[in-house]
Amino acid sequence: MVGSINFRTFAKNMKVTVIIEQNRNGRYSAYISDERITFGILGEGNTVADTIEDFKIGVEEMQELYVSEGKPFPELEYDFKYDTASFLASYSKILSLAGLSRLTGLNQGQLSHYVTGRKKPTPRTVSKIRTSVHDFGKQLCQLELV
């Protein structure tokens, strides 16, 4: 038993949400957002890929600490979720703001403000971006090339 959590009650692989955020300096951070976890792990980097790698190193280090102290450590699966600014910045090399503007119907300048952190999108706008990107992804999955 660690804190108020008995890891023996978890399934073999415990799926946890990891939030990826971009700060005002353009660096990224990743952290577990799950009330079942009583330890903190933070990954940081200049890119999302670097941040996820740093986060996974942090998990390995925490696991080593638990093992050295004779404590059980859950096998974790990750569900990475991006804040809007991080998603837009991370995928900007693949999806231009002009393209996202056409896809979502949002003004390109407005999207730019979200990337830079000047403004935060409303929950309704986040939903519109997410729905538009998901619909586009579904279209891509159904695409057949001949």
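**A walk through the fold**

Hi everyone. Read along the sequence, our protein chain goes β-β-β-α-β-α-α-α-α, with helices (H or I, at least four residues) and strands (E, at least two) taken as DSSP runs numbered from the N terminus. The radius of gyration is 18 Å, well over the 15 Å that the globule rule gives for 146 residues, so the chain is more spread out than a compact globule. That radius is taken over C-alpha atoms, and the rule is 2.2 Å times the number of residues to the power 0.38.

A word on the source: this is a predicted model, where local features need pLDDT of at least 70, side-chain atom pairs count only at pLDDT 80 or more, and totals for chains, interfaces and linings use all residues. Residues are numbered from 1 along each chain as its sequence is written, and side-chain values use heavy atoms, leaving out hydrogens and water.

Along its principal axes, the C-alpha trace spans about 55 × 40 × 30 Å. Buried residues make up 35% of the 146; buried means under 20% relative accessible area, exposed over 50%, and partly exposed in between, with a 1.4 Å probe and protein chains only.

Now let's zoom in on the strands. Strands β2 (residues 28-32) and β3 run antiparallel, joined by four bridges; two strands pair if DSSP finds at least two bridges between them. One of the partners here is E44 in β3, bridged to S29.
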